[in-house]
Amino acid sequence: MNFFFNVRGSVVRQVAEERAVPVPPPQEAAMSPPRRSSSSHGDRSSMETLHKNNSSNSGVILDISALKMAEVETEVPPLPPRYRFRDLLLGDQTFQNDDRVQVEFYVNENTFKERLKLFFIKNQRSSLRIRLFNFSLKILTCVLYIVRVSLDNPSDLNDNQCCRNNSSTTNTSSSEIDWNLIFWVHRKEPVWAIQVTVALISFLETILITYLSYKGNIWEQIFQISFILEMINTVPFVITIFWHPLRNIFVPVFLNCWLAKGALENMINDFHRAIQRTHSAMFNQVFILICTLLCLVFTGACGIQHLERAGKHLTLFDSFYFCIVTFSTVGYGDVTPQIWPSQLLVVILICVALVVLPLQFEELAYLWMESQKLGGNYSRHRAQTEKHVVLCVSSLKIDLLMDFLNEFYAHPRLQDYYVVILCPTEIDIQVRRILQIPLWSQRVIYLQGSALKDQDLMRAKMDDAEACFILSSRNEVDRTAADHQTILRAWAAKDFAPNCPLYVQILKPENKFHVKFADHVVCEEEFKYAMLALNCVCPATSTLVTLLVHTSRGQEGQLSPEQWQRTYGRCSGNEVYHIRLCDSKFFGEYDGKSFTYASFHAHKKYGVCLIGVKREDNKSILLNPGPRHIMAAPDTCYYINITKEENSAFIFKQEEKHNKGLTVSGLYDAPSRLPVHNIIASMSTVAIDLQNPDPPEESSKLSLPTENGAGSRRPSIAPVLEIADSSAILPCDLLSDQSEDETNQSDEEGSVGSDFVKGYPPNSPYIGSSPTLCHLLPQKASFCCLRLDKGCTHNSFEDAKAYGFKNKLIIVSAETAGNGLYNFIVPLRAYYRPRKELNPIVLLLDYPPDNHFLEAICCFPMVYFMAGTIDNLDNLLQCGIIYADNLVVVDKESTMSAEEDYMADAKTIVNVQTMFRLFPSLSIITELTHPSNMRFMQFRAKDCYSLALSKLEKIERDKGSNLAFMFRLPFAAGRVFSISMLDTLLYQSFVKDYMIAIARLLLGLDTTPGSGYLCAMKITEEDLWIRTYGRLFQKLCSSSADIPIGIYRTESHMFSTAESQVSVNVEPGVKQREPWKEKKTAHRGSTTSDQSEHPLLRKKSMQWARRLSRKANTKPSRAERISQQRLNLYRRSERQELSELVKNRMKHLGLPTGGYDEMNDHQNTLSYVLINPPPDTMLELNDVVYIIRSDPLAHMPDDSTGTGGQAQCPRNQQDFGTETRDETHL
């Protein structure tokens, strides 16, 4: 600052000299005004008066000539050349010759006192040096005291004092106190000189600091503890300079330790002020406590040692030992003070310790508790040497935390990562208990703070983090407000750490575009509605996607005696992985081959399912690009498998014949003898011979021979070609071709879909929705026509029966018509859905939709809405529930938050249970807030099998499984879904950055040109000649270029009447199915067929159910059989009562009762998903196969870019492609 003032003054004077205007010093400013040539004497006198008035206040020098702007002529000399050039550059030429005013600032700091105060007190760096010097002086005085004590000899002092006073009583008794030894000490001259010098410096410094800090009350300065201690320790030494006999007087210099303590605290504070850093209050309090203890011990040791000079003559070490033993409350008693002054000192020290130390310990405990709530800091050193990610949430629940930790640390390469949780709320008790577990306590750090504060982001070291996960609070009543908070957190994180990858979770789709800068974004409502929509056309899509995005090793249920549980648990370990073609053993040999050829042969040889590919020069992932895509070495392959190729072991076998007869149960279901990461070796039951593969021979084996004589020619399977031939890509016999429903419709069907066109929806309800080619109406429907239960001027229909729909309805029950509901309609109206298979969609809404939403859906065919709730039977009947095939119950926002967290689903579960009893044939797909509540779906209190599954779930959870709920029958069948299950999709994207893109393509949220889509096909009796899943793979690849990825299997599950409640009425289709199965089993030899075909397995499963449910395995007595018959009669009467209730309400509403069939239910079946089953898995009747069908637009003929040697597509396919392309342009 002084340097700045000096430089400023020199510059001002230099400018003034160049202008020829003398600048007087501040003291002479009032007496010597600036010179100016003036024509009148009165002007000079007025200027002098004005200068006299201004000089006493501000010290500002004003040129009065500047006030006379009217005078044209002036004698002020022009500016120097450099100033004129500057004004020329700045364009300031108008006032070039005007007079200027010189102003001096901060003149009040130029006084001597202010400069001293600035140096000693105000300036941080200089005051830090002063405090360091002062601290060194106090430590030096304490060291000099110890030196003086070590050189002191009380006996010499006693002799000298006796000779000096000529006393006759030289020998005193032990009981008397020699006060001379207390008041006088023996001090060497050098020690005295140094002590006097230090005391003089300290005295002068104290006087100076007291003078500078004087604020009007001198007594306040004098009676300060520090001032009194300074006077006690310095004034006696100053007096000894002038009075030599007092040089050996005792001065309690050891009290300077307390002054050193205060100087050290002030020094640390000034140090942090100087470096612009703040230390924690916890550190400060611990430091104060330690210093207080040291000062107490040092003061007690020195005081007792000095007082005991007149008693037991203790050394300084003995006194120190006594103080430690006393303050630690041990009290050995081997060293004790002997005279009353030292004993009094001990009493005083103990009283001081009892007052001071508890207060500081209390403050320390309080700060520790507060720091535990805040979580402390993540040190910069750890952030630079360790890898960590930051998890930002508004409120942390135990389920959310465990899902994140289990999924994040499931990957081997993330084991060394640390997780820093940044949450504004206080840590929950359950979360605290979890974080104290050694497994997580060393890797998870909880910080209480806000992501909007840079200080908290600095505590979490966001700028050094590998990633930042920002999650929304889905339990909030106002989900829009929750999204707004998430958006602000994302903006704050991006502003603070621009290079940190962001993984953001958004609830509402309309808020997604605000965080499009993030690396990965998951919109909850987009995925939720798209998944629920696909559940209606591809059963259990939610289960399929959930299993794919969860990390599992496929070990769940392997110890169960149930065959379906072992198979289902093993297949659940399949996940999506990626690898470059040139680095892969799975796909490296297919360089230059078609994608379909590579997918089929990789599945046949290795058991892996190739589903997608990405070109090196293209960022888009293509699912099943079709046979026209030729594999290249730089391509990235995406495949489904138990584990990635890098963790797989390859077993080379030369002789295939030893494994030809090996069944699924022999290899796929047996306990693996290889480690989990080598499990790929047992995935394929086809012999693996990498040196001598023989695809033509295998292909011939997959074809059935023709029968000789009288008998029809049975179909065969064509081989998959290495290079695609367009003429070979014909519609598969198993599937309904896209062009067939376009060209070969009957008149009856044509009346339904002939007026549909293909195009992009003209109105999107929110920004950021992906454009999808859909079936649309030629003209938008009027808003009044969208109301199902009320007629209008355009039509008079008032119920679903009057419309005469050909297909079953899809009813969606939601609270409001949010923008996410738009994503439910788009996948069901996509252009690749056959027109004759489009199901009418009825939206059953608690609150009527607004015009903005109606404007977005009025262009889609067969989409209606109705105001009502699912707990009102009349509303259900009016919306056509008896004509519906699927009912989707969406979780309501108003019920997502409850006083007890897990009670948020109570109303939904009870309403669904009621509908399950009223309409047993209806497929109800329910969304729940908490996955743990799915055990209450379709609840049966006395179902022993469900109780056994509950115990199995507990066993799997104890083993640490991330999918413990997977064996619940509603989840396995795809009847229940929770959006929290998809949280792992965002977590997995940290390791697999392609998972979100693949999930969006599978669900139809994104449509990439050339990329396929997910659909399903059903196995009928005419398709059972294919026999195995591997042959089906070949059939689909060779005929329609479709890629199967899994099977949805439904089995009849019969219980004995003594074990569970069994519905009296069994589904007719099940009874007709079993005789056919018995006939087919002989030539099939399948081990994965229905459980009812195998009495031994059924017996074992019943024993397993009895054992887990702790039921006695005894034959039911006569009384039990009679009670069971009464129960069946009661159930029959209950069904009749429910049936009468429904029919009476239908009659009251004027609806026909013929469509209500209360006898058809699904209570005796179980369904589950098999992802990527082995090639020799036997197909069963009514199996639903998930397939990824190639994009129909990709097969359109292109004359300009057609490949030579490829035949043109069939006529019907050309027509379809041309029509689609023309309508797309429109």
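Me: Which residues form one aromatic cluster?
Reply: Keep in mind that this is a predicted model. The cluster takes in Phe404, Phe408, Tyr409, Tyr417, Trp440, Phe469, Tyr503, Tyr987 and Phe990. In the chain as a whole, the count comes to 37 aromatic pairs.

Me: Why is the pair of tyrosine 417 and phenylalanine 990 called edge-to-face?
Reply: Two values decide that. The ring centres are 5.9 Å apart, and a pair needs them within 6.5 Å. The planes stand at 80°, and over 60 degrees counts as edge-to-face. So edge-to-face is the label for this pair.

Me: What makes that a link between distant parts of the chain?
Reply: Tyrosine 417 is in the loop between helix H16 (398-408) and strand S2 (418-423), while phenylalanine 990 is in the loop between helix H36 (983-988) and helix H37 (995-1003). The two are 573 residues apart.

Me: And how do you know whether tyrosine 417 is buried or exposed?
Reply: Buried means under 20% relative accessible area. Tyrosine 417 comes in at 7%, so it counts as buried. Phenylalanine 990 has 12%, so it is buried too.

Me: What makes phenylalanine 469 and tyrosine 503 a stacked pair?
Reply: Their centres are 4.9 Å apart and their planes make an angle of 25°. Phenylalanine 469 lies in strand S4 (residues 467-470) and tyrosine 503 in strand S5 (residues 502-506), so the pair ties together parts 34 residues apart in sequence. Phenylalanine 469 is buried at 0% relative accessibility, and tyrosine 503 is buried at 6%.

Me: How do you know where the charged end of arginine 443 sits?
Reply: It is over the ring of tyrosine 409, 4.0 Å from the centre of that ring. The distance cut-off is within 6 Å. Another case is lysine 992, whose charged end sits over the ring of tyrosine 577, 4.2 Å from its centre.

Me: What makes helix H22 largely enclosed?
Reply: Nine of the nine residues in H22 (residues 541-549) are buried, so the rest of the structure largely encloses this helix. Among them are Thr541, Leu544, Val545 and Val549. For the chain of 1226 residues, 51% count as buried.

Me: Why does arginine 829 count as buried?
Reply: Its relative accessible area is 0%, and the cut-off for buried is under 20%. So arginine 829 is buried.

Me: Where is arginine 829, and what does it touch?
Reply: Arginine 829 is in the loop between helix H30 (822-828) and strand S14 (841-845). Leaving out residues up to four places away in sequence, its contacts include Leu773, Cys774, His775, Phe860 and Met862. Leucine 773 is 56 residues from arginine 829 along the chain, yet their C-alpha atoms are separated by 8.6 Å.

Key:
Residues numbered from 1 in each chain as written. Predicted model: local features only at pLDDT ≥ 70, side-chain atom pairs only at ≥ 80, totals over all residues. Heavy atoms only, no water. Phe/Tyr/Trp six-rings, centres within 6.5 Å; stacked < 30°, edge-to-face > 60°. Helix = DSSP H or I, 4+ residues; strand = E, 2+ residues; numbered from the N terminus. Buried < 20%, exposed > 50% of the residue type's maximum accessible area, 1.4 Å probe, protein only. Lys NZ or Arg CZ within 6 Å of the ring centre and 35° of its normal. Contact = heavy atoms within 4.5 Å.
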